[in-house]
Amino acid sequence: MPIRHALAGLLFLATPAVVLAQAPAGLIYSQALSSGVTAMVQEKLQQAGVYSGRADGVWGPESQTALERFQQTRNLQVTGQLNQATAATLGIPPGELLSSRNAPAAAAAPPAQETVSPAVIRNVQQRLRALGFYRGGVDGVWGAGTQASLERFQQGRGLQATGQVNPLTLQALGLDPNAPAARPR
């Protein structure tokens, strides 16, 4: 599953200058991993002794259970997602994740994710407001109004209405998925 945008988001959002937003609804920036990265994760899970399936690059229930088991046995937060802490504990450097960014997406693999910064939230709120989907303040705080507005926008654009910030949604909003905190032109 290509994670170019997710890793760009991870790297962008992991900088010390970025303040994490209040996210009562669990707002994340996520992108599916490539099948090559998915196979690499499956191999790492095999090496850790928590996955006995094939490293075929297709994320299924066995892979999901193995990832959760890995998180639990390593005293990580059991999210079922390939987050920064889990990838690091698996020994997967960000460069390896980025090198597979153009590979085709595998179905149902867990997205890599990171908390969205207030600058990105402000841009999303501003674009939603300009497009008539949002009436609240452009304050960089993710709340129920922003969440509902984003879901309505996604639904109106024929996107999966997850209420989550992802590359397709950013692009549909007219924001650069590779630099979502940059001021829109």
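Just after helix α3, Asn75 adopts a positive phi of about 55°. Helices (DSSP runs of H or I, at least four residues) and strands (runs of E, at least two) are numbered from the N terminus. The structure is a predicted model, in which local features need pLDDT of at least 70 and side-chain atom pairs count only at pLDDT 80 or more, while totals for chains, interfaces and linings use all residues. Residues are numbered from 1 along each chain as its sequence is written, and side-chain values use heavy atoms, with hydrogens and water left out.

Helix α3 comprises 13 residues (residues 61-73), which should span 18 Å at 1.5 Å a residue; the end C-alpha atoms are 18 Å apart, in agreement with this expectation. The expected span is 1.5 Å times one less than the number of residues. Within α3, the residues Ser63, Ala66, Leu67, Phe70 and Gln71 are buried, that is, under 20% relative accessible area, whereas exposed means over 50% and partly exposed lies in between (1.4 Å probe, protein chains only).

Aromatic rings of Phe, Tyr and Trp (its six-membered ring) pair if their centres lie within 6.5 Å; planes under 30 degrees apart count as stacked, over 60 as edge-to-face and the rest as tilted. One aromatic pair is found by this rule. The ring centres of Phe133 and Phe153 are 5.3 Å apart and the planes stand at 90°, so the pair is edge-to-face. Because Phe133 lies in the loop between α6 (118-130) and α7 (144-156) and Phe153 in helix α7, the pair ties together parts that are 20 residues apart in sequence. Phe133 and Phe153 are both buried.

The chain as a whole contains eight helices and two strands, and buried residues make up 45% of its 185 residues. The mean pLDDT (the predictor's confidence in each residue, from 0 to 100) of the chain is 74, and 71% of the residues reach 70 or more. Confidence is lowest in helix α1 (residues 4-13), at a mean of 38, and highest in α6, at 92. Over residues 1-25 the pLDDT is below 50. Where pLDDT is low, the predicted coordinates should not be read in detail.

How values were computed
Contact = heavy atoms within 4.5 Å.
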